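Here are a few friendly notes to read alongside the model. Take them one at a time, and find each residue in the viewer as you go.

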Amino acid sequence: MLVSPSILSADFGHLARDVEAICEGGCDLVHVDVMDGHFVPNLTIGPVVVEAVAKAATKPLDIHLMVENNNFFVDLFAPLKPEYISFHLESEKHPHRMIQKIRSLGIRPSIVLNPNTLPEELEFLIEDLDMVLLMSVNPGFGGQKFIPSVIEKAKRLKTLIEKRNPKCLIEVDGGVNDKNVKELKAAGVDVVVAGSFVYKHPEGINTAISALK
Ligand code: DX5
Ligand code: ZN
C-alpha cells in the first residue's frame with residue numbers, strides 16, 4: 001500500500017519539520033489539501049506555503065484541490081511540479097479539458113469523487129487518468145469518520161479500471177486507519193491518504209506509516 005500523509009494534520013507552526021518527518025518516515029507521496037472556502041466550508045493554503053512544503057519534501061507532492069475554479073488553481077500550483085493534481089468531478093464543467101490541461105503541464109491528472117458520486121461517472125474519462133481519488137469522508141476537514149460505502153465503490157471502480165486502463169491508481173482519502181486499510185487493500189485500493197492517523201499516532205509518525213503499509 002502506498003501512503004500519502006495529509007499535512008492538514010501537521011503543526012503549521014513547524015510545517016517544514018512535520019513534512020521532513022513523514023518523508024523520513026517512509027511515505028510515498030505528500031498529500032496537500034487546498035480548500036478555497038467556496039467549494040468546501042474551509043480555507044487552507046496557497047502557493048506561498050505549498051512552495052515551502054515542496055522545499056522541505058523529499059517525496060513528490062500529491063495536491064488535492066477542493067476549489068470551484070480548478071483552472072485558476074492548476075495554474076497557481078503547476079510551477080511547483082507536483083506529481084499529481086486531483087480535482088473534484090463535482091466542481092468541474094469540463095473535466096476532460098481539465099485532464100488534458102494538467103497533463104500538458106507535465107503533471108499526472110487525477111479526479112476526485114465525493115462520497116455520493118458514482119464511479120461509473122468516469123466511464124468515458126478513465127482512459128485519460130493516472131489516478132482516481134475516492135473520498136471516504138465529506139471533503140473539508142481532517143479527523144472525520146470513515147464512510148464504509150467507499151469499499152464497494154472502490155471494487156466497482158477497480159472493475160472499470162481493469163477493463164479500460166489498468167495502470168490507473170485508486171487512492172482513498174478520509175478517516176483511514178490501520179483497521180480499514182486491510183479492507184481497502186482487498187478492494188483494490190493502491191494509495192491511502194491519512195492525516196490524523198499519521199500525525200496523531202501515540203507511537204509516532206514512523207509507526208503509523210509502517211502500520212498502513
Ligand atoms: C479532507 C481531506 C483529507 C483529510 C484527511 O477534506 O481531503 O485529506 O485531511 O484527514 P484524516 O485522515 O484525518 O481523515
Ligand atoms: Zn485530501
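**Notes on the metal site and the ligand**

1. Let's begin with the metal. Along the chain, the donors of the zinc ion (ligand 2) are spaced as H-x1-D-x30-H-x108-D. Keep in mind that this is a predicted model.

2. Now put names to that pattern. The zinc ion (ligand 2) is coordinated by His-31 through NE2, Asp-33 through OD, His-64 through ND1 and Asp-173 through OD. These donors sit at 2.1 to 2.3 Å from the zinc ion.

3. Are they buried or exposed? Both Asp-33 and His-64 are buried.

4. For comparison, the ideal angles for six octahedral donors are 90 or 180 degrees.

5. Next, look at ligand 1. It has 20 residues around it, and those that come nearest are Asp-33, Gly-140, Asp-173, Gly-195 and Ser-196. Asp-33 and Asp-173 also coordinate the zinc ion (ligand 2).

6. Oxygen atoms of ligand 1 take part in several polar contacts. A polar side-chain atom of Ser-196 is 2.4 Å from an oxygen atom of ligand 1, and a backbone N or O atom of Gly-143 is 2.8 Å from one. For Ser-6, a side-chain N or O atom lies 3.1 Å from a ligand 1 oxygen. On its own, ligand 1 has 380 Å² of accessible area, and the protein covers 100% of that.

Key: Residues are numbered from 1 along each chain as its sequence is written. Chains are lettered from A and ligands numbered from 1 in the order in which they are written. This is a predicted model: local features need pLDDT of at least 70, side-chain atom pairs count only at pLDDT 80 or more; totals for chains, interfaces and linings use all residues. Side-chain values use heavy atoms; hydrogens and water are left out. Donors are N, O and S atoms within 2.8 Å of the metal (3.2 Å for Na, K and Ca); water is not among the atoms, so sites may look incomplete. Buried means under 20% relative accessible area, exposed over 50%, partly exposed in between (1.4 Å probe, protein chains only). A residue is near a molecule or strand if one of its heavy atoms lies within 4 Å of it. A polar contact is a pair of N or O atoms within 3.5 Å; within protein, one must be able to donate a hydrogen and the other to accept it, and residues adjacent in sequence count only if both atoms are side-chain atoms. Accessible areas come from the Shrake-Rupley method with a 1.4 Å probe; for residues, only the protein chains shown count as cover.
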